[in-house]
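Subject: Structure handover

Hi,

Here is the structure I promised to pass on to you. Please have it open while you read, as my notes follow below.

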Amino acid sequence: MNPRPDPFNRTLSYLHQHVGPLIVAFFSAALVGLFTTADAKILQILIDDVLAPKNYGLLKIALVILLAVHILRGLFLFTSRYLVSRIGHRISRQIREELFRKVEALPLSYFEKNRSGQILARMSSDVPVVQGALMMTNTALTHSLTVFFCLALMCWLSWKLALFSLILLPVISTVVRWLSRRLRRVGSLMQERVGDLTASFSEAISGIREIQAFGAEEHQLNRFRQVNQAGYEAFMKGTKYTSLTSPIVELFYASGMALVIWAGARTVISGGLTVGQLVEFLACLGMMFHPLRSLTEIQATVKQSLGAAERIYDLLDEPLCIESRPGAPALVSVKGKVEYRGVSFDYGGENPVSVLFDIDLCLLPGQVAALVGKSGAGKTTLVNLLPRFHDATKGGIYIDEVDIRAVDLKSLRSFFGIVPQETFLFSGTIEENIALGKPGASSEEIRCAATDANAMEFIARLPEGFATVLGERGVNLSGGQRQRVAIARALLKDPKILILDEATSALDTESEALVQDALNRLMQNRTTLVIAHRLSTVAKADQIVVLEAGTIRETGTHGDLIALGGLYHHLCKAQVLEAPIPSDVS
Ligand SMILES: Nc1ncnc2c1ncn2[C@@H]1O[C@H](COP(=O)(O)OP(=O)(O)O)[C@@H](O)[C@H]1O
Ligand SMILES: [Mg+2]
């Protein structure tokens, strides 16, 4: 494996695509630096050649030049800032897209291990920090050149005096370097705290129902206060160092200035320099001050931003433990045979606990398997292995005799339809939400799927029918309505293999009947794995699989298992599987 490039070079590598505008921007920035220095020269001409000899003609010319220089300077300043900002925004846009793409590709286990707030902070707080640092590159260039031209002019006027004025520079730079080292450390801390704050906030938003129902407002607020306080302390630490920088640097600057004025005045008196030249020299020294200070600040900011960049790259480089093997062929057509062969699984972590042991299970095309077992038995885990939300730790899963890990992941998933216990609806219209099952589906197909999903009746009652906007700022649907949207999605996708994970268990009896009716339609001619609590659903299955603590305890039809008088029989009697046995099953 290649060693990771350091975050600085990696950030610079984003600039490669913008070389043209970057050159123009830097060229303009350089001219801004040059034109800034021109003021000092004009000042000298004013004193030595206009005021002393009382030359009115030259005064007009000098003022015209002054104006012209500043108009040009403004023009170049605009060009360089505009171009560099545009580059910064474009790079941010690119990084945000890369982050989004990455988040979409990450295995589910990543989101179980990391809090969403921390992931969000990469986008909301780290990207702007990196962008800010990128945009400072041209300010840094302008300032460096201003300093360079000022120094050149000073040396040209009197190299001795120039050298003399640099005496204090090593001292200043040592102090500033010490300060910026501190700042960098504090910077990482501050960004981390911002992540914690975002995470706390987003947790409160996700859990608002629980907070309000349990009256946990005060308790959660107290927890937030701790995070908030820790953030405050980190920010204040940062403030201490940033506020210290200015007074310290200014103190050194004033001492240096005093020394130079003392030496410069002596040179003028002894005839080494004209008055205008001394003023020019001092003006240069003065003009160097702001850029020099700003350069040290930029250096500190850039160092701070490296921490943010590193966190972004950590996320971008997060290994995808579930991805297609290079060159894996696409799964083209599927009959629907599903086979688990000696599958074991654990969720990993420091002390992995086995969740599934040695599972063997075979479903022929079109068959229905019902998984039953107590909560925590491993039913969801078992079905989640099929579309590779997780990979088995031992054994393998085969579809039509093909190992699911040997084929292209996207093509594999295209054969599955999943109706979970609770369905997430994206912000957008109801039509778009159904079309998630088949991007680009015609409105005819969408209506057909909605009809078969028993969703037509409630969609027709929505204010704008299929065009009704759902999600955060739109209409909210009831649980039963959501499930019917999920079924419509699945119908539209027309999958070969169907996974129903407690699709009706969060519903009331009335909407359950409607949803169950739609599900029955959906299950026709598809290999189905269904996790259900209704005996009416379970009893009809071709195969009932009874799971206990990750192992298959019993398999067979309803009749077989009742006759066996084991765990299934017990579950039925204890009404863990409730509802009367339907008349078509005896
Ligand atoms: N993301 C996860 N990380 C670690 N352990 C998990 C995770 N999801 C489920 N488990 C554990 O795996 C076991 C089986 O869970 P699950 O498959 O959800 O059971 P069921 O669907 O039968 O209720 C449980 O002990 C549960 O605590
Ligand atoms: Mg479950």
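This is a predicted model: local features need pLDDT of at least 70, side-chain atom pairs count only at pLDDT 80 or more; totals for chains, interfaces and linings use all residues.

Let me begin with Lys374, which is found in the loop between strand S3 (368-372) and helix H11 (379-384). Lys374 counts as exposed, because its relative accessibility is 53% and the cut-off for exposed is over 50%. Leaving out residues up to four places away in sequence, Lys374 touches Lys379, Leu547 and Glu548.

The average pLDDT of the protein is 89, and 97% of the residues score at least 70. Over residues 579-586, however, the pLDDT is below 50, and this stretch has 9 contacts in the model beyond near neighbours in sequence.

Now to the helices. Helix H9 covers residues 217-269, and its 53 residues should span 78 Å at 1.5 Å a residue. The end C-alpha atoms of H9 are 76 Å apart, which agrees with that expectation. Which residues of H9 are buried? They are Gly231, Ala234, Gly238, Tyr241, Thr245, Val249, Gly256, Met257, Val260, Ala263, Gly264 and Val268. These buried residues pack against helix H6 (159-165), helix H7 (169-206) and helix H10 (275-316). Just after H9, Gly271 has a positive phi of about 85°.

Helix H2 (residues 19-51) has 33 residues, and the distance from its first C-alpha to its last is 47 Å, close to the 48 Å expected at 1.5 Å a residue. H2 does have a bend of about 25°, located at Ile45.

Two further backbone positions may interest you. Most residues other than glycine have a negative phi. Glu401, although not a glycine, has a positive phi of about 70°. Glu401 lies in the loop between strand S4 (394-399) and strand S5 (402-403), and counts as partly exposed at 46% relative accessibility. Glu502 also has a positive phi, near 50°, in a residue other than glycine. Glu502 is found in the loop between strand S9 (497-501) and helix H17 (509-523), and is partly exposed with a relative accessible area of 24%.

Next come two buried positions. Leu425 is found in the loop between strand S6 (416-419) and strand S7 (428-429). Is Leu425 buried or exposed? Leu425 counts as buried, because its relative accessibility is 9% and buried means under 20%. Not counting residues up to four places away in sequence, Leu425 touches Asn433, Leu470, Leu477, Arg482, Val485 and Arg489. Leu425 and Leu436 are 11 residues apart in sequence, with their C-alpha atoms 9.9 Å apart in space.

The other buried position is Gln543, at 16% relative accessibility. Gln543 has its place in strand S11 (residues 543-548). Again without residues up to four places away in sequence, Gln543 touches Leu361, Cys362, Leu363, Gln367, Val368, Ala369, Ala370, Thr555 and Gly556.

Finally, the aromatic rings. How many aromatic pairs are there? The count comes to 8. One of them is formed by Phe148 and Phe149, an edge-to-face pair with 5.6 Å centre to centre and 65° between the planes. Phe148 counts as exposed at 52% relative accessibility, whereas Phe149 is partly exposed with a relative accessible area of 22%. Phe345 and Tyr347 have ring centres 4.9 Å apart and planes at 85°, so this pair is edge-to-face. Here Phe345 is buried, with a relative accessible area of 4%, while Tyr347 is partly exposed, with 38%.

The charged end of Arg341 sits over the ring of Tyr398, 3.9 Å from the ring centre. Arg447 lies over the face of Phe466, and the distance from the ring centre is 4.1 Å.

Happy browsing, and do write back with any thoughts.

Best wishes

Methods: Residues are numbered from 1 along each chain as its sequence is written. Chains are lettered from A and ligands numbered from 1 in the order in which they are written. Side-chain values use heavy atoms; hydrogens and water are left out. Rings of Phe, Tyr and Trp (its six-membered ring) pair if their centres lie within 6.5 Å; planes under 30 degrees apart count as stacked, over 60 as edge-to-face and the rest as tilted. Buried means under 20% relative accessible area, exposed over 50%, partly exposed in between (1.4 Å probe, protein chains only). A charge sits over a ring if NZ of Lys or CZ of Arg is within 6 Å of the ring centre and within 35 degrees of the ring normal. Helices (H or I, at least four residues) and strands (E, at least two) are DSSP runs, numbered from the N terminus. The expected span of a helix is 1.5 Å times one less than its number of residues. The bend at a residue is the angle between axes fitted to the seven residues ending there and the seven starting there. pLDDT is the predictor's confidence in each residue, from 0 to 100. Contact means heavy atoms within 4.5 Å.
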